Amino acid sequence: MKKYIAEMLGTMVLVLMGCGTAVSLSCTSADPNLAAMVIGTALAFGLSVVAMAYTIGGVSGCHINPAITLGCLLSGRMSGKDAGMYMLFQVIGAILGSAVLWVLTSNAGVSGTGANACQEGVSVTGALLAEIVFTFVFVLVVLGTTDAKKGAGNFAGLAIGLSLVLVHLACIRYTGTSVNPARSIGPALFQGGEALSQLWIFIVGPFIGAVLSAGVWKIFAGGKE
């Protein structure tokens, strides 16, 4: 159970810190679209991953993302049972993190939980494509940097966190950036409305991206150069 609890706590921290920063910056800025908000949110999510990677990485591997877990499963790095339990506890952690954020914002007169949704002018197809592409890039980085033979060793957590910052900077204009079904499920449950009706995009898209990245990494990792 240690690794499952670790995944729950790690995902909770990711959602609380990342979504919490997004909500705080949007409420303290006259213009929620300011570059400072985008950069701050990107850094919050990336730094949360770095912090958790070096905290629980030795316990569970610090997936804190069902898309990463799916990528690891398809790459043969874990069993189906572990993958299912990881995903379950990741979602529970995301809900807990969102619950804490909801309580804090409700008592501060602030609305929103940092949920994902199609941004202004972005179609459902565009949002789905963005989530597929950027999740593919992110999970591929994870699979590459954590590979037992070709990975980055102790620097993997830093590389993964920085790549998540990069993904947020590039994707936030289209979907608010999910690339993580658990991160989207928790906030959507508390925010409801559009976030809940569009939730399927942020589950289907990241999972498709993860499947593609696992396939590509198998090609990279298999056989001789």
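By class, the 23 residues that line the second largest pocket divide into 12 nonpolar, 9 polar and 2 charged. In this scheme Ala, Val, Leu, Ile, Met, Phe, Trp, Tyr, Cys and Pro count as nonpolar, Asp, Glu, Lys and Arg as charged, and the others, Gly among them, as polar. The model is a predicted one, in which local features need pLDDT of at least 70 and side-chain atom pairs count only at pLDDT 80 or more, while totals for chains, interfaces and linings use all residues. Residues are numbered from 1 along each chain as its sequence is written, and side-chain values use heavy atoms, with hydrogens and water left out.

The second largest pocket holds about 490 Å³ of space. G57, G61, C62, T146 and A156 are the lining residues that lie nearest its centre. Two or more residues of the lining come from each of α2 (35-60), α3 (66-74) and α6 (156-175), and α2 has the largest share, with 6 residues. Helices here are DSSP runs of H or I with at least four residues, strands are runs of E with at least two, and both are numbered from the N terminus. A pocket is found on a 1 Å grid over the protein atoms alone, as an open set of points with protein on both sides within 12 Å along at least five of seven lines; a cavity is a set of points where a 1.4 Å probe fits but cannot get out, and lining residues have an atom within 4 Å of a point. Grid points are joined across faces, edges and corners, and the volume is the space filled by probe spheres set on the points.

By this rule the count comes to 1 cavity of 30 Å³ or more. The largest cavity has a volume of about 100 Å³. It is lined by 16 residues, with L14, N65, F138, L164 and N180 closest to its centre. The elements that give two or more residues to this lining are α2 and α6, and α6 gives the most, with 3 residues. The lining of the largest cavity has 10 nonpolar residues, 5 polar and 1 charged.

Helix α7 (residues 181-191) is mostly covered, with 8 of its 11 residues buried. Buried means under 20% relative accessible area, exposed over 50%, and partly exposed in between, with a 1.4 Å probe and protein chains only. The buried residues of α7 are P181, A182, R183, S184, I185, G186, P187 and A188. After α7 comes G192, whose phi is positive, near 65°.

How many aromatic pairs does the structure hold? There are 4, where rings of Phe, Tyr and Trp (its six-membered ring) pair if their centres lie within 6.5 Å, and planes under 30 degrees apart count as stacked, over 60 as edge-to-face and the rest as tilted. One of them joins Y4 and F89, whose ring centres are 5.8 Å apart and whose planes meet at 20°, so this pair is stacked. Y4 lies in helix α1 (residues 2-27) and F89 in helix α4 (residues 80-106), so the pair ties together parts 85 residues apart in sequence. Both Y4 and F89 are buried. Another pair, W102 and F190, is tilted, because its ring centres are 6.1 Å apart and its planes are at 35°. W102 lies in helix α4 and F190 in helix α7, so this pair ties together parts that are 88 residues apart in sequence. W102 is partly exposed at 42% relative accessibility, and F190 is partly exposed with a relative accessible area of 30%. Y4, Y86 and F89 form one aromatic cluster.

Y86 is also among the residues that H63 touches, together with E7, I68, T69, C72, M78 and Q90, not counting residues up to four places away in sequence; contact means heavy atoms within 4.5 Å. H63 sits in the loop between α2 and α3 and is buried, with a relative accessible area of 10%. Its side chain makes a polar contact with the side chain of T69 (2.9 Å). A polar contact is a pair of N or O atoms within 3.5 Å; within protein, one must be able to donate a hydrogen and the other to accept it, and residues adjacent in sequence count only if both atoms are side-chain atoms.

Helix α9 (residues 201-221) contains S213, which is buried with a relative accessible area of 0%. Leaving aside neighbours within four places in sequence, S213 is in contact with F136, V139, L140 and L143. V204 is also found in helix α9, and at 35% relative accessibility V204 counts as partly exposed.
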